[in-house]
Amino acid sequence: MDWKPTHLLIIVALIGLVQSAPNNRTIGILLYPGWAVLDVFGPMEFWNMVSNSQNLTLAIIANQVGPVSTLSPGRTSGIGEEVVAHYDFETAPPLDILIIPGGTGARAAANDTKIIAFIQARFSQLEYLCALRTGAAIAAKAGVLDGRSATTNKFAWTWATSQGPRVQWIPEARFVQDGNVLTSAGTTAGMDLTYHFVKILYGETLAARSANIMEYAPFTNANWDPFYTLWIDGVGNTTVPVDPCVQQPCPSTSSSTTPSSQSTSSSIQSTSIRPCATTSPSIRSSATGSTVAESSAHSHAVSLPILVFSIWYLL
C-alpha cells in the first residue's frame with residue numbers, strides 16, 4: 001500500500017496509547033466471620049485515594065453473598081460491624097490483587113475448605129497476594145507460602161506459624177515481601193505494608209502524598225519490630241505502649257517543618273513523614289515471584305494486541 005502521513009500519525013498515536021495505557025487492576029478482599037476492621041479499612045483508605053488517579057476496581061468476596069460480621073463464629077458479646085460481600089467464591093471476577101485480612105475468625109477460616117480451595121485456585125492468576133496479620137496463616141494453610149519468606153502477628157505467632165511448616169517464617173519483621181507475595185505483622189503493620197506496596201506499583205510520590213493527606217506516618221523499615229521482643233522474647237511490659245522509637249533513631253527535631261507556606265509545596269507533599277524510620281526495607285526476592293519490571297509489562301499486555309492489529313490493518 002502507499003504510505004500516507006496520516007498512516008504514520010495513527011501508528012505513532014497508537015504507540016503512545018499503549019505506552020500511556022493505565023493499568024486496570026481489580027483488588028479482591030476475602031472476608032470471613034471475625035475479620036479485623038483495620039486489616040481491611042486501613043489498607044482500603046490508601047487504595048481509595050490511589051483510585052482517584054489510577055484505574056482500580058474492588059471486589060468484596062466471601063463464602064456467600066451478603067453481610068459478613070467482624071464477630072467471630074460463636075461470639076455473642078462485643079461490638080461487631082458488617083460489610084456486604086457482593087461475590088461468592090464461584091462468582092468472583094478475575095483478580096489482580098487478593099487481600100486476606102487477619103482477625104479473631106482466622107482460626108476457623110484456616111479450617112474452612114472452601115476458603116482454602118478459593119485461595120489455591122486463584123493464587124496462580126494473581127499479580128500480587130497480600131496476607132495481613134493472621135491472614136498469613138490462612139494463606140500458609142492453603143500452601144501458597146511454601147518455600148517463601150513471610151511474617152505474621154507476633155501475639156498469635158505460635159498458632160499462626162504452625163499453619164505453614166514449610167514457610168520460612170521471619171519473627172522479627174514489620175512486613176516481608178517475597179516476590180509477588182506480601183505479608184505483614186500485627187494489625188497496624190498492614191498499613192505500613194500497603195504504603196510500601198503502593199510505592200512499588202505507582203511510585204513513591206503517589207504513596208507519600210496519599211499518606212500525608214491521611215496524616216499517616218508509615219514505618220518504612222521492614223525490620224523494625226519491637227513487638228517481636230514483647231510477645232516472642234517475652235521482654236518488656238505488655239501493659240505499657242511500645243515507644244515508636246525503640247530500636248531506631250527518631251528524626252532530629254531541628255529537621256521538622258513548622259507550618260508555613262512552604263509546608264504546602266509539592267516537594268514536601270510528595271515526601272512521607274517517617275517516624276523514627278530512617279532505613280530502607282529489606283525486600284526478599286523469590287524465583288517464583290514477579291518483579292517490578294514484570295508488573296510494568298503486565299500493564300501493557302491488553303493494549304499490545306490492539307497495536308499489532310492496527311498496524312497489520314494499515315499494511
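Biologist: How much of the protein chain is buried, and what makes a residue count as buried?

Modeller: Of the 315 residues in the protein chain, 48% are buried, where buried means under 20% relative accessible area, exposed over 50%, and partly exposed in between, with a 1.4 Å probe and protein chains only. This is a predicted model, in which local features need pLDDT of at least 70 and side-chain atom pairs count only at pLDDT 80 or more, whereas totals for chains, interfaces and linings use all residues. Residues are numbered from 1 along each chain as its sequence is written, and side-chain values use heavy atoms, with hydrogens and water left out.

Biologist: Why is the pair of Trp35 and Phe41 called tilted?

Modeller: Rings of Phe, Tyr and Trp (its six-membered ring) pair if their centres lie within 6.5 Å, and planes under 30 degrees apart count as stacked, over 60 as edge-to-face and the rest as tilted. The structure holds nine aromatic pairs. In the pair of Trp35 and Phe41, the centres are 6.0 Å apart and the planes stand at 55 degrees, so the pair is tilted.

Biologist: What makes Phe89 and Phe118 a stacked pair, and where do the two residues lie?

Modeller: Their ring centres are 4.9 Å apart and their planes meet at 25 degrees, so the pair is stacked. The pair links distant parts of the chain, 29 residues apart, with Phe89 in the loop between strand 4 (82-85) and strand 5 (97-100) and Phe118 in helix 4 (residues 113-123); helices (H or I, at least four residues) and strands (E, at least two) are DSSP runs, numbered from the N terminus. Phe89 and Phe118 are both buried.

Biologist: Why is Val65 called exposed, and which residues does Val65 touch?

Modeller: The relative accessible area of Val65 is 51%, so Val65 is exposed. Val65 belongs to the loop between strand 2 (56-61) and strand 3. Not counting residues up to four places away in sequence, Val65 touches Ala85, His86, Tyr87 and Asp88, contact meaning heavy atoms within 4.5 Å.

Biologist: How do you know whether Thr70 is buried or exposed, and what is Thr70 in contact with?

Modeller: At 10% relative accessibility, Thr70 counts as buried. Thr70 lies in the loop between strand 3 (66-69) and strand 4, and, leaving aside neighbours within four places in sequence, its contacts include Trp35, Gly34 and Thr104.

Biologist: What makes Arg107 a charge over the ring of Trp159?

Modeller: A charge sits over a ring if NZ of Lys or CZ of Arg is within 6 Å of the ring centre and within 35 degrees of the ring normal. The charged end of Arg107 is 4.5 Å from the centre of the Trp159 ring and sits over that ring.

Biologist: Which classes of residue make the contact of helix 2 with helix 8?

Modeller: The contact involves Glu45, Phe46, Met49 and Val50 of helix 2, and Leu206, Ala207, Ser210, Ala211, Ile213 and Met214 of helix 8. Ala, Val, Leu, Ile, Met, Phe, Trp, Tyr, Cys and Pro count as nonpolar, Asp, Glu, Lys and Arg as charged, and the others, Gly among them, as polar. The contact therefore divides into eight nonpolar, one polar and one charged residues.
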